[in-house]
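Please keep the sequence and the structure in view while reading.

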Amino acid sequence: MNYGFVKVASAIPLLHVADCNYNEQQIESLVLQAEGKGVEIICLPELSLCGYTCADLFSQQLLLDGCEEALFHLLDVTRSLRIISIVGMPVQVGGLLFNCAVVVQGGKILGIVPKTYLPNYKEFYEKRWFAPAPALTVAECHLCGQAVPIGTNLLFRSGNTTFGIELCEDVWAPVPPSSRLAMAGAEIIFNLSATNEVIAKHQYLTSLLSQQSARCICGYVYSSCGFGESTQDLVFAGNALIYENGTLLARSNRFSLTEQLVISEIDVERLNTERRVNTTFADNVRIALKDVAPCQLITSQPQDPVADFQLTRWVNPHPFVPSGRQLEERCQEIFAIQTEALAKRIVHTNAKTIVLGISGGLDSTLALLVCVKTMDLLKRRRSDIVGITMPGFGTTDRTYHNAMKLMQTLGITIREISIRKACIQHFEDIEHDMDVHDVTYENSQARERTQILMDVANQMGGFVVGTGDLSELALGWATYNADHMSNYGVNCSIPKTLVRYLVSWIALSDLDPAARDTLLDIIDTPISPELIPADANGNIKQKTEDLVGPYELHDFFLYNFMRLGFSPKKIFFLAQKAFIQQDNSQLNAAFADKGETIMQGMAVGHYDEKTIVHWLTTFCRRFFNQQFKRSCLPDGPKVGSVSLSPRGDWRMPSDATSVAWLKECAALQE
């Protein structure tokens, strides 16, 4: 199965201006290549059968006849193929000539879409040769001996997707045809184009296409003329671009002197999920399509499913972690959201202090850094931050000393309150054997720490800043009414992989250089609640990722489950690509290039199928079973695209059953 993906291609053939036979052969070659690679729909440039720069040759009947003859040959060659090809050519209808996209499959013409907006300014003279689509007076024309639907209201159904077509200038219009087509049901838009190159135009073009695919919540496949077009006055770079909801999936090499075939997969299932969730899209459909003639749906011939479907697009193994050229800006933005959120709460409550527990672990470290930055922003003393370290039975020297050094370096108020005596008394009160290290033993310590924080906050005229992160909330890896609770949780929508990265980013920046070494050691410390005694050597014995699984897997599951609504089967398929099949060496090298050994710890792990299924099952089970903890979360800012707050992204009954999800997980193990 294809898991909702549709394999598409944008092709840039070499061509000779006005040599329709030569151009058809180049197109034919690319179509056959695409068919062999499992492509379902291929798009070629505007007027690709004859060349966009034919100019007044468009008035020559010989050229028009040559285009039709070339199309005849393409139909014959592709008669036994199921791939859908979208080619550009001039089409005569009555006494008018239209710049058209012609959709062909299996020897038949499925439909013809004329260009709506003809540019006739600066270097463009299209109205000299062509009529705009509104000039059409018929809904059917004859081409290559076939009666064919023609119009701008055509939608094409292929397999599990519906697509629409616009041509070049159409997408530059204030209200592009693709907007109406998307609202009428098109999940993918194909654009046959002939955009010439001038300085900075390409950047504007890519921004335009990205925005249009995002605005329409659709896939957008763009194919523009390349080498072979006349350069008498203009140059065409050969832009093949494939977008999905604002994200660039694949692109061609600009100014190439060779043909290009750019292939990727568009996730139609994801697009439909986004549209269902986005109520504004539904409202716009109702308004925009009111009093508008319905589109005509044309169904293509069914295509045989690819026996061994291969995903060629990149699957990000760390979907929550910023990447690319805007990495620095993204980290600053995340940190700024957290600090401004906390600043508003401090000002609103007129808090004299803010109180948080400092364990020497990642989460409390990030929360403390946010507190420090917030006080600096408010021009208040860092001593108004009260950091409390609360050593217990499982506290190791490493975490204790890191907690103390970090607080000292950052200049906050330090309090040390051991929980040992209080817990021993509590165990005596409830008659619990201290040698039994069960859930009662662990949770009693967690609740004692929270009680201390709450009471000290009352004592010092402040409130408790929570340190728990999004990953822990998803898995329920928090003690109910203990670390689960605070007055304001600054990390509540920061997943563990991002917590680690943000602390790394801060450590390598100049925010607080004196704390750098301590921060790096904290990042390198195994994640642990430290609720059971250390081993004989004083090292952490209770490692969270040994118990609930690797956080990079759980964060991957969380993003695809919650943000995209994917089933366990599809999540497993994507996880195989992300952690087994694709080469992550480039991403790992990017971490190593940071020049710090700790950044190498951010590298992508490698897991076998059995391990992925095991932890995916754990994720589904825990996510459902632990909803009751998320139903009563304290306030905290939404930072990224996922929030588990019952007042934000996620509302689920605490007693919802996970049977269907666990059943699908079980099937993956067979």
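Over the face of which residue does Lys570 lie? Lys570 lies over the face of Phe566, at 4.0 Å from the ring centre. A charge is taken to sit over a ring if NZ of Lys or CZ of Arg is within 6 Å of the ring centre and within 35 degrees of the ring normal. Arg630 provides another case, its charged end sitting over the ring of Phe623 at 4.1 Å from the centre.

This is a predicted model, in which local features need pLDDT of at least 70 and side-chain atom pairs count only at pLDDT 80 or more, while totals for chains, interfaces and linings use all residues. Residues are numbered from 1 along each chain as its sequence is written, and side-chain values use heavy atoms, with hydrogens and water left out.

A search of the whole structure finds 28 aromatic pairs. Rings of Phe, Tyr and Trp (its six-membered ring) pair if their centres lie within 6.5 Å; planes under 30 degrees apart count as stacked, over 60 as edge-to-face and the rest as tilted. Phe556 and Phe579 form an edge-to-face pair, because their ring centres are 5.3 Å apart and their planes stand at 75°. Phe556 belongs to helix H16 (residues 551-563) and Phe579 to helix H17 (residues 568-581), so this pair ties together parts that are 23 residues apart in sequence. Helices (H or I, at least four residues) and strands (E, at least two) are DSSP runs, numbered from the N terminus. Phe556 is buried at 1% relative accessibility, and Phe579 is buried with a relative accessible area of 1%. Here buried means under 20% relative accessible area, exposed over 50%, and partly exposed in between (1.4 Å probe, protein chains only).

Phe623 and Phe624 also form an edge-to-face pair, 6.3 Å centre to centre with 75° between the planes, and both residues are buried. Ring pairs join Phe623 and Phe624 with Phe557, Phe561, Phe619, Trp650 and Trp661 in a cluster.

Helix H11 (residues 439-459) has 21 residues, and its end C-alpha atoms are 30 Å apart. Just after H11, Gly461 takes a positive phi of about 65°. The buried residues of H11, including Tyr441, Glu448, Arg449 and Leu453, pack against strands E16 (353-357), E17 (385-389), E18 (413-416) and E19 (462-466) and helix H10 (420-430).

The structure holds 0 disulfides, a disulfide being a pair of cysteine sulfur atoms within 2.5 Å. The sulfur of Cys67 has its closest cysteine sulfur in Cys20, at 3.7 Å, which is too far for a bond. Cys67 is buried, with a relative accessible area of 0%.

Overall, the protein chain has 22 helices and 20 strands, and 56% of its 670 residues count as buried. The C-alpha trace spans about 100 × 55 × 50 Å along its principal axes.

Conventions. Expected span 1.5 Å × (residues − 1). Contact = heavy atoms within 4.5 Å.
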